Amino acid sequence: MIYGFTSFGFEGELVKIEVDLRRGIPACDIVGLADAAVKESRERMHSAIINSGFEFPRSRILINLSPADLKKEGTGFDLPIAVSVIIAQSAMELNTDTLVVGELELSGRLRPGFGVLAAAALAKSRGIKNIIVPVENKTEAEIPGGLCVYGVETLSEAVDILMYPKDLQPEKPSDEYNSKNNIDIFQNAEGGDFSSVKAQPVLLRAMEIAAAGGHSLFAFGPPGCGKTMALNRFHELLPNLSRDIAVDVAKIQSLAGCRITKNLSLRPPVRKPHQSVSLEGMAGGGKQLRPGEVSLSHGGVLFIDEATAFNYTVLQVLRTPMDTGNILISRAGRNINFPANFQLIMAANPCPCGKLGVKGKYCTCTPAMVEKYWKKISQPVIDRLDLRVPVLVPEGKDFINSQGKSDLREKIKTAVEIQKYRYKNKKELYRKNSKLKPEEISSVCVMTENGKKEYSTLLSSGELSPRGAASILKTSRTISDLEDEEKINSSHIQEAAFYRKWGDSPWDILEYGKYVEKNHLCIK
């Protein structure tokens, strides 16, 4: 039996191709909720079959795409329909199930498509071992492993494979993807040296904590203070993905129309959408219900730079996936669920003119303008951010005398390994302190006596929401892991609370400046 593939959500669905030749006026009908692109395959298929040297049936052709209640979309049905018609004409029966994907040119040559990785992964899960795809998509189809993948350039080659099957052994996963060989969690990761990020030790420390525990991070400060430059390189601090998660990431990229032309990358994805991104661009959707930026950053980083320049509703979309790790898209009775387990990194200016909090400069914004500007980032979104860092413009002498850090990965590696062992019974994406469920916090975030006293003092202040209180404990757990300490002590709680106290108001940038002067914080 010949199967096609339609991209329906993250997994997609296999479609059985049935062809019936009967007497009557020559015609070709396609049934089974086919969209315009699939119905147009009749004409492409007719020309491709004749131009490939095959005889087109002089019969009435009925092509059924089942299940009939599932809408079929895309041009990837050209090749499976064409080979099914040729096989029906030859009255030959296939002994094995085969998945066929590809778009035909009128000459009979094939064009590469998208969603091939998702199709191959689904075929493997359904027990289908043979796959025929355009030769440009062969590498992509081989990623799941354990499949006989045939890359073809023309319709004739696809028919030859089906009628005269070759005895090929399934592809075996490369040793490159074997997790046992990936001893270094930063293998093949570029950069990692932040010595060029000067005079911002607080921001670098927050980045270290965020990378170690998977926490969300928000940096706000005047233009030119260095926040964007540092956050643009945040992904260099993240460890490699497991092969299973890397395959899921590649599947999402394939469904979005990105062609996988090289070996599977174990590095986390990084998405940096522009401020003009639409609601559908961020959440996903559209006519073909493709994944958006929140899904394309699954397993990696979603960097929102100049957050106050984004549409208010676009930022609101981030709330649910930050809590659940997935996003449900509903369009005209169709519900699609895409994974969206990302790490949110945000940056913003404190006011429209950008001079608020800058020594020697005068902010020309009225208080009402500043408040309106800041409200573009809703309080529910800010409340979901574990680490908030005010960033000041460093003075000249501090900038000249300061040195960045070049060894951030060492402590991060220690913390990541501790978490992997602690959460070894969980899925890879949930082996992070930031993903702790409320019922797990008390058993994982064990505090010393002085830690309990410090935490009780924080709670008694009444300034923390329940989410904020839980966030401080999870962040404290990460800080203790960075220090390779078994229990959370008062210093860990204090540091976590420090990063939590800022960001609710744009005026915090002024309060932070006073805090720096009062405590004589020197930048080294």
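**Cavities, sheets and buried residues**

Modeller: Let me start inside. The lining of the largest cavity divides into 10 nonpolar, 8 polar and 5 charged residues. Keep in mind that this is a predicted model.

Colleague: Why is this space called a cavity and not a pocket?

Modeller: In a cavity a 1.4 Å probe fits but cannot get out, while a pocket is an open set of points. Rolling a probe the size of a water molecule over the atoms shows where empty space is left. The largest cavity comes to about 300 Å³.

Colleague: Which residues are closest to the centre of the largest cavity?

Modeller: They are Pro239, Asn240, Leu241, Glu428 and Lys432, out of 23 lining residues. Helices H7 (201-213) and H17 each supply at least two residues of that lining. H17 gives the most, with 3 residues.

Colleague: How many cavities of 30 Å³ or more are there?

Modeller: The count is 3.

Colleague: Now the pockets. What volume does the second largest pocket have?

Modeller: About 590 Å³. The pocket is lined by 27 residues, and Met322, Asp323, Ser434, Leu436 and Lys474 lie nearest its centre. The lining has 9 nonpolar, 9 polar and 9 charged residues.

Colleague: Why does Pro321 count as buried?

Modeller: Set the value against the cut-off. Buried means under 20% relative accessible area. Pro321 has 2% relative accessibility, so Pro321 counts as buried. Pro321 sits in helix H13. Beyond its neighbours up to four places away in sequence, Pro321 touches Asn326, Ala340 and Phe342.

Colleague: What separates the C-alpha atoms of Pro321 and Phe338?

Modeller: A distance of 9.8 Å, with the two residues 17 apart along the chain.

Colleague: And Gln419: why is it called buried?

Modeller: The reasoning runs the same way. Gln419 has 1% relative accessibility, and that is why Gln419 counts as buried. Gln419 belongs to helix H17 (residues 408-422). Leaving aside neighbours within four places in sequence, its contacts are Ala212, Gly213, Arg431, Lys432, Asn433 and Asp481.

Colleague: On to strands. What makes both faces of strand S14 (residues 301-304) covered?

Modeller: Look at its side chains. In a regular strand the side chains alternate between the two faces of the sheet. In S14, Val301 and Phe303 lie on one side, Leu302 and Ile304 on the other, and all are buried.

Colleague: How do you know that strand S11 (residues 270-271) pairs with S14?

Modeller: Count the bridges. Pairing takes at least two bridges between two strands. S11 and S14 have 2 and run parallel, so they pair. Arg271 has Leu302 as its bridge partner in S14. S14 also pairs with S17 in the parallel sense, over 4 bridges. There, Val301 has Gln343 as its partner in S17.

Colleague: In what order do the 7 strands of the open sheet lie?

Modeller: The order is S3-S4-S2-S1-S5-S8-S9, with mixed pairing.

Colleague: What makes strand S3 (27-31) and strand S9 (148-152) edge strands?

Modeller: Each pairs on one side only. From one strand to the next, the twist averages 30 degrees. Helix H6 (residues 155-163) packs on this sheet, touching strand S1 (2-6), S5, S8 and S9. The direction of H6 makes about 150 degrees with that of S9.

Colleague: How many bridges join strand S5 (residues 98-100) to strand S8 (residues 130-134)?

Modeller: There are 3, and the two strands run parallel. Leu99 has Ile131 as its bridge partner in S8.

Colleague: And what share of the 524 residues in the chain is buried?

Modeller: The share is 52%. The chain has 22 helices and 18 strands.

Note on methods: Residues are numbered from 1 along each chain as its sequence is written. This is a predicted model: local features need pLDDT of at least 70, side-chain atom pairs count only at pLDDT 80 or more; totals for chains, interfaces and linings use all residues. Side-chain values use heavy atoms; hydrogens and water are left out. On a 1 Å grid over the protein atoms alone, a cavity is a set of points where a 1.4 Å probe fits but cannot get out, and a pocket is an open set with protein on both sides within 12 Å along at least five of seven lines; lining residues have an atom within 4 Å of a point. Grid points are joined across faces, edges and corners, and a volume is the space filled by probe spheres set on the points. Ala, Val, Leu, Ile, Met, Phe, Trp, Tyr, Cys and Pro count as nonpolar, Asp, Glu, Lys and Arg as charged, and the others, Gly among them, as polar. Axes are lines fitted to C-alpha atoms, for helices over the stretch in contact, and angles run from 0 to 180 degrees between N-to-C directions. Contact means heavy atoms within 4.5 Å. Buried means under 20% relative accessible area, exposed over 50%, partly exposed in between (1.4 Å probe, protein chains only).
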